[in-house]
Amino acid sequence: MSLKNEEQNDLSPKDSVKGNDQYRAPSGIHLEHEEESRNDSRQFESSDLFRHRRIYLEPQEKSDNNFKKFVIKKLEKSCQCNSTKAKNIIFGFLPVLQWLPKYDLKKNILGDVMSGLIVGILLVPQSIAYSLLAGQEPIYGLYTSFFASLIYFILGTSRHISVGIFGVLCLMIGEVVDRELYIAGYDTVHAASNESSLVNQMSDKTCDRSCYAIIVGSTVTFVAGVYQVAMGFFQVGFVSVYLSDALLSGFVTGASFTILTSQVKYLLGLSLPRSSGVGSLITTWIHVFRNIHKTNICDLITSLLCLLVLLPTKELNERFKSKLKAPIPVELFVVVAATLASHFGKLNEKYSTSIAGYIPTGFMPPKAPDWNLIPRVAVDAIAIAIIGFAITVSLSEMFAKKHGYTVKANQEMYAIGFCNIIPSFFHCFTTSAALAKTLVKESTGCQTQVSGVVTALVLLLVLLVIAPLFFSLQKSVLGVITIVNLRGALRKFKDLPQMWRISRMDTVIWFVTMLSSALISTEIGLLTGVCFSMFCVILRTQKPRTSLLGLVEDSEVFESMSAYKNLQTKSGIKIFRFVAPLYYVNKEYFKSALYKKTLNPVLVKAAQRKAAKKKIKRETVTFSGIQDEVSVQLSHDPLEFHTIVIDCSAIQFLDTAGIHTLKEVRRDYEAVGIQVLLAQCNPSVRDSLARGEYCKKDEENLLFYSVYEAMTFAEDSQNQRERYVPNGPSFSSD
C-alpha cells in the first residue's frame, strides 16, 4: 500500500494525463486524482467545507467610448454660446474682475501697500543688476519688472507670489543674446565696457549692439510666452511633474554657480568676453585668471566694501525677520551710497571704473519682436518656458496651500505666458515668480494682488524721474548685489545630509543636475536632470522591493516578514508581494525574485525528470488476460508547499510582457503541482488579465479581492483535495 501511495504522489498531472515520450499510462488504469485536480476549482467553490465566504463584485457597465461621439459632444459643448458662458470665460481669464469688486479696503490695504513698497524698493537695484546678467541695458530690467507686476495683477490667481526678474532665466536669456550677438558680428569684449559704437544694418535701420541685444531678448521672451500660453490652452501643465523638487533645486544651484562666475569680471573690473555653450563656467574662470593682472583696484575695493555691508545685513534680516516689521532695504542704501561716492569721487574719470551709464526716463515706443529670429531661438525658448512656468506654478501652489486658498494652475500658465508676450513688445525679457522676493512680499503683510500694483507704481516713479540719477553707479556694485542674492541657492548644500537620510536617490538626482548645469550648460543640465530622474524612476521599478508575507496575529492583515517580527505563516502556503508595476523592464526580476523566495519550478521539474530516469523499474501487470507495461516512479521528497499567493496590491498596471510573465509563472508552478493565486488586483490589473486571457471561463475564481480570502481558499482546497484523493490508484478493467 505504501508503494502505491508513493506512486500516486510521484505521478504529476502532466506526466500521467498528457503523457510524454518516456512514460505512457496504461489504458486500463484510471488515476482519479488527476481527474479531480483538473476540476478542483469548480468542486471547491461549491464545497460546503469552505470556512470563508468568497467575495463577488459586480463591475460597472462601461460607457460607450466612441471617439467620434466624444469629439462631437466636446465640440457641441465648446461651441455653445450664451451670456452665462461668455461671462464665465471672461471672468475666468481675467480673475481681477472676480476678486477686486470684493476687495476689503479696510482689512487689506495697509498690508498690500507696505509689501508693495518694500518689494518695489528691492526690485530697483535687482532689476538693474540682473539686466547685466541678461546682457541688456539697465533700463530694460526696470521695464520688465514694471510690466510683469502690472500684468500679473490682472491675470494671476496667486495673492502672494512676486513676478519679475529671475536670475536663472536672466542667465539663460543672456546666453542666447551673446550667441546671437556673436553671429551678428558684434564685439562682445568692447561691449563689456561702455563703448557700444558698432552698428548693424537691420531692416534698413541702424541698430547698435544694445538695440540688437534687446531685440534678441524680447524675441526669445515672446516665443517662450507663446509656448506657455499654448501649454495652458492645451492643458499640458503635466510637463512640470517631470521637474521634481530635487531636480529644480539642483538646477537652480548649478545655474547659480554659472551666474556667480559671470559676475566675477564685474567685481574685478575686467573686460572679458562672455563665455557661452558647453563648459562656459570653466572657460570663464580660465579667462579670469589669465587677465587677473588687469584687475581694476577701485572696482575690487568697491566690491569688497559692498560685500562687507550686504552679507551681514542680509543675515540680520533673515535672523530677525520675525521681529522686523519689514526687512532693511540694504541694497537700495548701498546703491545710493555707491552712486554718490562714484559721482562725487569721479571714479570713472580717475580710475576707469565701469559704470551703468545713461539710463533714459520714460518709455520707448513699442516694437514687435524680430520674426526672422524666431527659428533660431525657438529651441532655446522651450527650456526657458518650462522653467518659468514650473517655478511660478509650484510657488503659487505652495503659498496658496499655506494661506488656505486655491489657485488655478492653468490660469497661472496663461498669466505667466502673457507676462512674457505683452512685455516683449515693450523691450522686456523673460520673467517668472522668484522665491526670495515672494518671501519678502509675504513676510511684509501682503494680502492680495494689489501689492503688485503698488510695486509697479514704485518702478514707474523710478522710470519717469529717478532712473538718470544712477548714471555713475559702478557695475561692480550690481555684480555684488547679484552674487549676494544667490545665497539661498548655494545654501542648499547644508540640506544635503538631511536629503541623503530621507532619499538617497533624490540626492543623486540633485548632484547630477547641479553638476551638469554648472559644468556643461544650463539647457543641457536641465535635460540631463530630467532624463536622469526618469531613469531613476525606471531603475526603482526595475528592481523593486519584494518580500514574503506573514499574517498579523488575530487579524486579516499581512505584512513583510523581513520588516516585522512575530508574523504567522500557514503551512503549505507562500504569500509573495511585488512592489512595482509588472512590465517589460522588470519581468525577469519578478520571476527571479519569486523563484528565489519560493522555489524554482523549472529546476524542480528538471530534477524530478532526472530522478525519474534513474529510479524507474518496469513491472508487468496482468489484468483480465491483458498485459500492459506500467511505469512506476519511485518516491522522492514531497514539496514543502502547495500554493503561492501573489499579492498584487502594489502592482499598478500590467503590460503585455507582464501578463505573459504571470501566465508563464503559473504554468511552471502548476507543472510541479503548485497552484498560483492572485490577490488584491486593482481594476486596471483585472482588466489587463481579462484582455490577456489569463483566466479561462471556469477559472475566474482564482482572482481574489484579499490575501486572506486567497489563503483561506488555498487551505480549503488543499483539505478538499486530501479528502478526495484515495489511498492508492484506482484500477478498473474494461
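Colleague: How do H10 and H18 run relative to each other?

Modeller: Helices H10 and H18 are roughly antiparallel, a term used for angles over 145 degrees. The axes of H10 (residues 167-184) and H18 (residues 374-403) cross at roughly 175° and come within 10 Å. Axes are lines fitted to C-alpha atoms, for helices over the stretch in contact, and angles run from 0 to 180 degrees between N-to-C directions. Helices (H or I, at least four residues) and strands (E, at least two) are DSSP runs, numbered from the N terminus.

Colleague: What kind of model is this?

Modeller: This is a predicted model, in which local features need pLDDT of at least 70, side-chain atom pairs count only at pLDDT 80 or more, and totals for chains, interfaces and linings use all residues. Residues are numbered from 1 along each chain as its sequence is written, and side-chain values use heavy atoms, with hydrogens and water left out.

Colleague: Back to the helix pair: which residues of H10 and H18 meet?

Modeller: From H10, Leu169, Met172, Ile173, Val176, Arg179 and Glu180 take part; they meet Arg376, Val377, Asp380, Ala383, Ile384, Ile387 and Gly388 of H18. Contact means heavy atoms within 4.5 Å. By class, the contact has eight nonpolar, one polar and four charged residues. Ala, Val, Leu, Ile, Met, Phe, Trp, Tyr, Cys and Pro count as nonpolar, Asp, Glu, Lys and Arg as charged, and the others, Gly among them, as polar.

Colleague: New topic: how many cavities of 30 Å³ or more are there?

Modeller: The count is four. A cavity is a set of points on a 1 Å grid over the protein atoms alone where a 1.4 Å probe fits but cannot get out, and lining residues have an atom within 4 Å of a point.

Colleague: What lines the largest cavity?

Modeller: It is lined by 13 residues, with Thr258, Ser262, Arg274, Ser275 and Thr284 nearest the centre. H10, H13 (245-268) and H14 (280-290) are the elements that give two or more residues to this lining, and H13 gives the most, with four. The lining residues of the largest cavity comprise four nonpolar, six polar and three charged.

Colleague: And the sheet: what is the order of its six strands?

Modeller: The order is E7-E6-E8-E11-E12-E13, in an open sheet with mixed pairing. E7 (558-560) and E13 (703-704) each have a single partner strand, so one side of each lacks a neighbour in the sheet. Two strands pair if DSSP finds at least two bridges between them.

Colleague: In which sense do E8 and E11 pair?

Modeller: E8 (residues 573-578) and E11 (residues 643-647) pair in the parallel sense, over five bridges. Lysine 574 has isoleucine 644 in E11 as its bridge partner.

Colleague: Which helix lies across E11 and E12?

Modeller: That is H29 (residues 656-670), which runs at about 145° to E12 (675-679).

Terms used:
Parallel < 35°, antiparallel > 145°, perpendicular 65-115°, else oblique. 1 Å grid on protein atoms, 1.4 Å probe; cavity = no way out; pocket = protein on both sides within 12 Å on 5 of 7 lines; lining within 4 Å. Points joined across faces, edges and corners; volume = space filled by probe spheres on them.
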